[in-house]
Amino acid sequence: MKTLAGACALMWTCTAAQSAEFRIGMLTPPSHVWTQSANQFAEELAEASGGEHSVTVFPGAQLGNEAQMLQLLQSGALDFAILTAAEVSNRAPTFGAFFAPFLADDIAHAGAILRSPEAVALLDTLPQEVGVVGVGYGMAGLRQIVSTQELDDVGDLSGLKVRITPVEPILDFYSAMGTAPTPMPLPAVFDALANGQVDAIDMDAELIWKLRYFEHAETVAISDHMMFPMIGLISGRVWAGLSEDDRAMISELLAAAVDRCIDEYIAQEEGWIDEVRGTGVTVTTLDRDFFTEAADAWDATWTARVPEPIADLRAAAERLR
Ligand code: BEZ
C-alpha cells in the first residue's frame with residue numbers, strides 16, 4: 001500500500017492522509033471469473049472511497065505463484081489477493097477439510113456450503129495462523145479430469161502422471177487412486193499437457209474451456225469429485241494500518257467480489273461443459289463408484305488429521321441438501 005500519508009510526511013502541505021494505492025494479485029488469466037471480479041472490486045472501491053483509493057489488479061501470476069503471493073501478504077508487500085483455499089491449506093491445514101471428496105453434491109450445493117456459518121467460521125483462524133484476514137469465499141467450480149487416455153475404470157488412471165494443484169489433500173486423493181500425482185501451479189499446466197509431461201490434469205470446467213486444455217486430450221471426464229474454494233484475503237499488516245471505516249469498506253467490497261464468483265460458476269459451469277462437448281471432444285461422466293476406494297482412503301487420513309472442520313462441513317453439507 002502506498003499511502004498519501006507517507007508522501008505527506010515529506011511534503012508538509014498535504015491534508016488527505018487516508019488515500020492509498022492498493023494492489024491485488026491472483027494466479028488466474030485476465031479472462032477468468034476471479035480476475036474480472038477483482039477488476040470490478042477495483043472500480044467499486046475507487047467509487048466508494050470517492051476516488052481516495054485505487055486498486056491495481058495483477059492477474060496471471062505477475063506477482064509470483066500463490067505461495068509467493070501469500071508471503072507478500074504476510075510481509076505487507078501485497079495488500080490483497082484472491083487465492084485458492086488449496087494454497088491457504090498449505091499454511092492452515094483445517095482448510096484441507098474442503099477437499100473431502102464428494103462433500104458437495106453439485107455446484108449449487110458447493111456454493112451453499114461455502115456460505116454456511118461452519119465454513120465462514122474457519123476464516124476466523126487466519127489472522128493468528130497465517131497473518132492474513134479472510135473476508136469470504138468464492139470458488140472455481142467443481143473438479144473434473146482431462147485425460148489423454150480413456151477413463152472407464154479407476155484402473156485406467158493407474159500409473160498416469162496427473163497434474164494436480166500443489167496441495168496435500170488433493171495429492172492424497174490421487175495417490176490413493178494409484179496415479180503419479182504431479183503438483184504443478186496453474187500457469188505451467190498448458191505446456192505440461194501439450195508436451196506430454198503429464199497424462200491427465202485435475203481441473204475445472206471454466207479453464208478446461210477457456211484455456212482449451214481439451215485440445216490436448218482424449219477425454220474430458222465430468223466427475224465433480226471435489227470442491228475448489230477460493231478466499232479473498234487482506235494482508236494482516238495492511239489491515240492493522242487501516243482505519244475502521246476503510247476496514248469496513250474494503251472487506252465488504254472484497255467479500256462481495258469473491259462471493260459473486262460463486263453465482264457465476266453456478267450459472268455458467270454447465271454452459272462451459274456444453275461448449276467443450278460442442279467441439280466434438282469426448283465428454284464422459286464418472287460417478288462416485290469410480291472413486292469409492294480413494295474417497296474412503298482420503299476420509300480415513302483426513303478425518304484423523306482435521307476431525308472438527310470435516311465434521312462441521314459435513315454437517316453443513318447434510319443440512320443444506
Ligand atoms: C488450479 O490450480 O487448478 C487453479 C488455480 C486457480 C484457479 C483455478 C484453478
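**Ground rules.** I number residues from 1 along each chain as its sequence is written, and my side-chain values use heavy atoms, with hydrogens and water left out. As the model is predicted, local features need pLDDT of at least 70 and side-chain atom pairs count only at pLDDT 80 or more, while totals for chains, interfaces and linings use all residues.

**Entry 1: the salt bridge count.** I took a salt bridge as a side-chain nitrogen of Lys or Arg within 4 Å of a carboxyl oxygen of Asp or Glu. By that rule I get 15 salt bridges.

**Entry 2: Arg260 and Glu44.** I looked up this pair and found a salt bridge, N to O at 3.4 Å. Arg260 sits in helix α12 (residues 244–278) and Glu44 in helix α2 (residues 33–48), so to speak distant parts of the chain, 216 residues apart. My helices (H or I, at least four residues) and strands (E, at least two) are DSSP runs, numbered from the N terminus. For accessibility I call a residue buried under 20% relative accessible area, exposed over 50%, and partly exposed in between (1.4 Å probe, protein chains only). Arg260 is partly exposed because its relative accessibility is 21%; Glu44 is partly exposed too, at 24%.

**Entry 3: Arg115 and Asp263.** Helix α12 came up again here. Asp263 makes a salt bridge with Arg115, at 3.2 Å from N to O. I have Arg115 as partly exposed at 37% and Asp263 as partly exposed at 39%.

**Entry 4: Glu215 and Arg212.** I found the closest N and O atoms of this salt bridge 2.6 Å apart. Glu215 has 45% relative accessibility and therefore counts as partly exposed. Arg212, at 33%, is partly exposed as well.

**Entry 5: a network.** I also noted salt bridges that link Asp105, Arg288, Glu318 and Arg321 in a network.

**Entry 6: a negative patch.** Which residues form the negative surface patch? I listed Glu150, Asp152, Asp153, Asp156 and Glu218. Patch residues have over 30% relative accessible area and no salt bridge, with like charges joined within 9 Å. Asp and Glu count as negative, and I placed each charge at CG of Asp or CD of Glu. Areas are Shrake-Rupley with a 1.4 Å probe. I then checked Asp152, which is in the loop between β5 (132–147) and β6 (161–164). Asp152 counts as exposed because its relative accessibility is 62%.

How values were computed
Patches are made of residues with over 30% relative accessible area and no salt bridge: like charges are joined within 9 Å, nonpolar side chains (Val, Leu, Ile, Met, Phe, Trp, Tyr) within 5 Å.
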